[in-house]
Amino acid sequence: MKLPLSWLKDYVDIGDVTPQELSDKLLSIGFEVEEIIAPRNDISGVVVGRVMNIVHHDNSDKLWVCNIDIGEKYVQIVTGAQNVKLGNYVPVATVGAVLPDGKKISEAKLRGVDSFGMLCGGSELGVDDDIIEGASVDGILILPDDSVIGDDILHTLGLDDTVFDVSITANRPDCQAIVNIAREISILLDKKFVMPKLTYKCRCICDMPPVTIENKELCSRYIGRAICNVKIEKSPKWMRDRLRMCGIRPINNLVDITNYVLLEFGQPLHAFDKKFIQDKVIVRKGRDGERITALDGKEYDVNNVLVIADTCKPLAIAGIMGGEYTSIFPDTQDVFLEAARFERSNVRRTSRKIGLRSDSSARYEKGVDWQSVELGSNRALALIDQLKCGNICSNIVYDSTEQPVEKQIVTTTDQICSLLGIEIDKKIIIAILKKQGFQVRTAANTLICTVPLVREDIDGYPDLAEDIMRFYGYENIVSTNAENTHQTSGGRNVHDDNIETVKSVMRALGADEILNYSFISPDEADKLLLDSNDAMRLCIPIKNPLSRDISVMRTQLISSMLNSIARNCARKNDVMRFYELGKTFITNELPITDLPQERDVICVALCNDGDFYTLKAIVGELANVFGMPEYSACKCSYLHPKQSLHVSCDGVSGDFGKLHPLVCENYDLPNNVYVAQLDLTDALNRPISLAQYMPISKLQPVDRDLALVVKKDVAVGDMLNDVKSVSPYIAQVKLFDIYDGAQIEEGYKSVAFSMRLQPTVNTFSDAEIKNIMNSVIDNAATKFGAKLR
C-alpha cells in the first residue's frame with residue numbers, strides 16, 4: 001500500500017521524525033516498509049514566478065523580454081516562447097539552477113539584452129500531463145493561477161513528497177486504509193489522531209430507488225445516496241497529486257473522490273449515473289444468459305455471479321467493476337453513490353471466474369468491516385460538499401443484516417503477562433488497548449475487553465497480548481531461560497540420516513535427483529493401466545486446484561517421473577538416469593474422514609541407459625543399505641509382465657522392471673525405459689543395522705551342482721531361497737541353467753544350480769556331504785514336487 005507522507009500528516013503530527021525513522025517504527029509494530037520513494041532531487045533552483053511585464057525584444061521579432069516576480073526580487077528573462085502572457089505563473093530556472101538533464105543555468109546576453117535565468121516547459125522539467133496539465137505543450141509550462149510566487153517548483157508540481165510502500169499483512173485488512181495506518185502511528189508516537197471531516201450539508205430532496213438485497217450471505221450491507229445537479233470537472237490538484245502518488249490515474253472529480261475514499265478509508269465506492277437505474281436497486285445473482293459490458297469495455301457473462309441490478313438489467317459486477325453505460329459521463333446530472341460490504345471469498349471466486357480484477361476487488365478480497373461502509377459513504381459526501389460537486393440529497397436507501405455484535409474477550413493481566421514472558425503494569429495494558437479503540441472494563445482481577453468491529457483479526461487473549469506488545473515495545477522483552485529447560489544436542493535425526501544415506505548411494509550409482517509437485521492429474525491412473533480396484537486410484541482431490549493437471553494428491557511417483565522423462569525426450573535429451581525421493585498420500589476411502597498416510601517412496605528410472613539387469617543392480621544396491629533383498633514375482637500393471645520383479649527386505653518393499661509398452665505409448669516414451677518404485681517408510685524411520693561379518697574359514701569349501709525337475713509354474717527364486725535354508729553349512733546358492741526342451745516332460749523344467757558348502761570346524765566327510773545333499777533333495781521334493789534329474 002502506498003502512503004504519501006503529506007497525506008499522513010493530515011491525521012497525525014509526526015514532528016521531526018525522519019522517513020527512515022518512521023519506517024523503522026512502522027516495522028516495530030508489524031508493518032514492513034518495502035520501499036521509501038524519496039522526492040525528486042534532480043531539479044534545484046527552479047521557482048514559481050509571475051510575469052509582471054512583457055515586451056518585444058528590440059532586436060528580434062521572435063524574442064520577448066519578461067520581467068518576472070519570483071518572490072524575493074524581480075528578474076529579467078529573455079524568452080522565445082510564444083505562449084507566455086502577462087500575469088501568467090511560470091517555472092523560472094534562476095541563475096545557478098540545475099535541470100534534470102544536468103544543464104546548469106547561467107547569466108546570458110541575447111541579442112544584446114541580459115537574461116538572468118530561463119523559463120521552463122514540461123520537457124525541461126521532465127514532467128508530462130499526468131503530473132500537471134499543459135506539460136506536453138510545445139512552449140512554456142503555464143502554472144495554475146493559485147500557484148504561490150517563490151515556491152519551489154517541486155512543491156508546486158507535487159514532486160516533493162515522500163511515499164512509503166507499506167506491506168500489510170493478511171490479518172490486518174483494516175490497515176489497507178491510510179486513516180487506520182495513521183491511527184496506529186499516532187498511538188506509536190503518542191500523538192493526537194485527527195479524524196478526516198465526515199460532515200456535510202444536505203441541500204435537496206429527490207426520489208431514490210429502493211434497495212433490496214436478495215442474498216444477504218454475500219452482501220451484508222448496502223447504502224445508497226444521491227447527489228443532484230452534479231458538476232463534472234477536474235479534481236483539485238492536491239487530490240490528483242495524492243491519487244497519482246498512490247498509482248491511480250485521476251479522471252474527474254466524482255470518480256476521483258471514490259478512489260480517494262478507497263485509499264483513505266479502505267471502502268470501495270461506486271458512482272452510477274442515476275438516470276440509467278430503472279425503478280429499484282437489487283443485489284442478486286446473475287441469471288442465465290445475462291451479460292454486462294464493464295468499465296474496461298469488455299463484455300462478461302454474469303450467470304450465477306453477484307451483481308447490482310435494476311428491474312431490467314445488471315448495472316455492475318458486485319465488488320469488482322461497474323457497467324460501462326452506468327458510469328459517470330460529462331453530461332451526467334444526478335448520481336447514485338453506492339457503499340456496500342460484500343463477502344470476500346465470493347468476490348475472490350467471481351474475480352477468478354470471469355478473469356477480472358480491480359482496485360475494489362483487491363480490497364474486498366481482503367475484507368471490509370461493517371463500520372467502514374457508513375464511514376466511507378459519509379467521507380465521500382463530505383468531499384463532494386467540500387469541492388461543491390453537487391447537491392447532496394437527504395434521502396438514504398439501504399438494506400442490511402443485523403449489525404454484528406462486538407466480541408468480548410475476558411482475560412487477566414497475569415494471563416497476558418504469562419504469555420509475553422514479562423511483567424507489564426495493568427494501567428499500561430488498559431491504556432494501550434483503549435488507544436486502539438478497545439473498550440476495557442475491570443472486574444476483580446479480570447479485564448473485559450470489547451473489540452471494535454474494525455478489528456476482525458482479534459479472536460482471543462493471545463491476539464490482545466500481541467497488540468499490547470507491539471506498542472509496549474519488543475525491545476522491552478528480556479531474554480531468560482524458561483523453567484525446567486535443558487541443553488539439547490541438536491543435529492539430524494535417524495530419518496534425516498537415512499535419507500542422506502539413500503541419496504549418497506543413488507549419487508554413487510550415477511543417478512540425478514529430480515523433484516516434482518505432490519499433485520498430479522487424475523488421468524494418470526488410466527495412463528498407468530492401474531486396475532479399477534487398485535489402491536493407487538484413491539487420490540485425494542484438491543478443493544481449489546489451479547488446473548486439472550495438479551488437482552489430486554499423488555499416490556505414486558511413477559507418473560511424475562515418466563512425465564519428467566517425456567519432457568526431456570521431447571527436447572532431445574533421451575539418455576537419463578533419474579531418481580526422486582518424495583511423499584505419497586494414501587487413504588482407504590474417499591471422501592476422506594481422516595488424515596492420509598504419508599509414505600516415503602523412492603522412484604528410480606533409466607531411459608536408454610542400461611537394461612533390466614542394470615536396474616536390478618541399482619535396486620539391489622539400494623536394498624542392501626537396509627538388509628538382504630529377496631525377489632519374487634511381480635504383478636504390477638504398468639510394468640512388462642516378463643521383465644519385472646517384486647523386491648523386499650527389512651522395511652523395504654516395491655516393484656521394478658521394464659515399462660509396459662502401452663504405458664510407453666501413453667507417455668510418448670521410447671521402449672527402453674525401466675522404472676522402480678520402493679516404499680522406504682519403515683526402513684527410514686529406524687537406524688540402519690551394522691553389517692555382520694563372519695571370519696573367513698581356514699577350511700576348504702566344497703562345491704556341488706544339482707539339477708532338479710519341477711513344474712514350470714514353480715518360482716525359481718522361492719526354490720533357491722528354500723535350498724539355502726536347509727543347512728547352515730550352505731554358504732551360497734547360484735542358478736546356472738533352466739532347461740525345458742527335449743528329454744524334459746511337457747509342463748516341467750530343469751533347474752540347475754551350484755551350492756557351496758562351507759565347513760566351520762572340521763573338513764566335511766563324504767557322508768556329511770551326502771547327508772546335506774539328500775536333505776536338499778528331500779526338502780525340494782516335499783515343498784516343490786522336485787525330482788532329481
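This is a predicted model: local features need pLDDT of at least 70, side-chain atom pairs count only at pLDDT 80 or more; totals for chains, interfaces and linings use all residues.
Which way is the crossing of α6 and α7 handed, left or right? The crossing is left-handed.

1. **Helices α6 and α7.** Two packed helices are described by the angle between their axes and the distance between the axes. Helix α6 covers residues 237–245, and its angle to α7 is about 55°. The axes of α6 and α7 are 10 Å apart. Because of that angle, α6 counts as oblique to α7. On the α6 side the contact uses Trp238, Met239, Arg242 and Leu243. On the α7 side it uses Asp256, Ile257, Asn259, Tyr260 and Leu263. By class, this contact of α6 with α7 has 6 nonpolar, 1 polar and 2 charged residues.

2. **Helices α8 and α9.** Helix α8 spans residues 344–354 and helix α9 spans residues 359–366. They pack at an angle of about 140°, and their axes lie 7 Å apart. The angle therefore makes α8 oblique to α9. The crossing of α8 past α9 is left-handed. Arg344, Val347, Arg348 and Ser351 are the α8 residues in the contact. Their partners in α9 are Ser361, Tyr364, Glu365 and Lys366. The contact of α8 with α9 divides into 2 nonpolar, 2 polar and 4 charged residues.

3. The model has 38 salt bridges. One of them joins the side chains of Glu264 and Arg379, at 2.7 Å from N to O. Glu264 sits in helix α7 (residues 253–265), and Arg379 sits in helix α10 (residues 370–386), so this pair ties together parts 115 residues apart in sequence. Are Glu264 and Arg379 buried or exposed? Both are buried.

4. Lys435 belongs to helix α12 (residues 426–435). Asp190 belongs to the loop between α5 (178–189) and β11 (202–204). The two residues are 245 residues apart, and the pair links distant parts of the chain. Lys435 counts as partly exposed because its relative accessible area is 42%. Asp190 counts as exposed because its value is 58%.

5. **A bridge between two loops.** Arg548 and Asp523 form a salt bridge at 2.7 Å, N to O. Arg548 lies in the loop between α15 (524–527) and β28 (552–553). Asp523 lies in the loop between β27 (519–520) and α15. The pair is 25 residues apart. With a relative accessible area of 34%, Asp523 is partly exposed.

6. **Ile181, a buried residue of α5.** Ile181 is part of helix α5. Its relative accessibility is 0%, so Ile181 counts as buried. Setting aside neighbours within four places in sequence, Ile181 contacts Met1, Leu3, Phe31, Ile168 and Cys175. Tyr11 is 170 residues away from Ile181 along the chain. The C-alpha atoms of Ile181 and Tyr11 are separated by 9.9 Å.

7. **Backbone points to check by eye.** Most residues other than glycine have a negative phi, and most peptide bonds are trans. The peptide bond from Leu590 to Pro591 is cis, with omega near -5°. Pro591 is in the loop between β29 (576–586) and β30 (597–607).

8. **Two aspartates with positive phi.** Asp190 is located in the loop between α5 and β11. Asp279 has phi near 70°. Asp279 is found in the loop between β14 (269–273) and β15 (281–285). Is Asp279 buried or exposed? With a relative accessible area of 57%, Asp279 is exposed.

Definitions and conventions. Residues are numbered from 1 along each chain as its sequence is written. Side-chain values use heavy atoms; hydrogens and water are left out. Axes are lines fitted to C-alpha atoms, for helices over the stretch in contact, and angles run from 0 to 180 degrees between N-to-C directions. Helices (H or I, at least four residues) and strands (E, at least two) are DSSP runs, numbered from the N terminus. Angles under 35 degrees count as roughly parallel, over 145 as roughly antiparallel, 65 to 115 as roughly perpendicular and the rest as oblique. A crossing is left-handed if the near helix is turned anticlockwise from the far one by less than a right angle, and right-handed if clockwise. Contact means heavy atoms within 4.5 Å. Ala, Val, Leu, Ile, Met, Phe, Trp, Tyr, Cys and Pro count as nonpolar, Asp, Glu, Lys and Arg as charged, and the others, Gly among them, as polar. A salt bridge is a side-chain nitrogen of Lys or Arg within 4 Å of a carboxyl oxygen of Asp or Glu. Buried means under 20% relative accessible area, exposed over 50%, partly exposed in between (1.4 Å probe, protein chains only).
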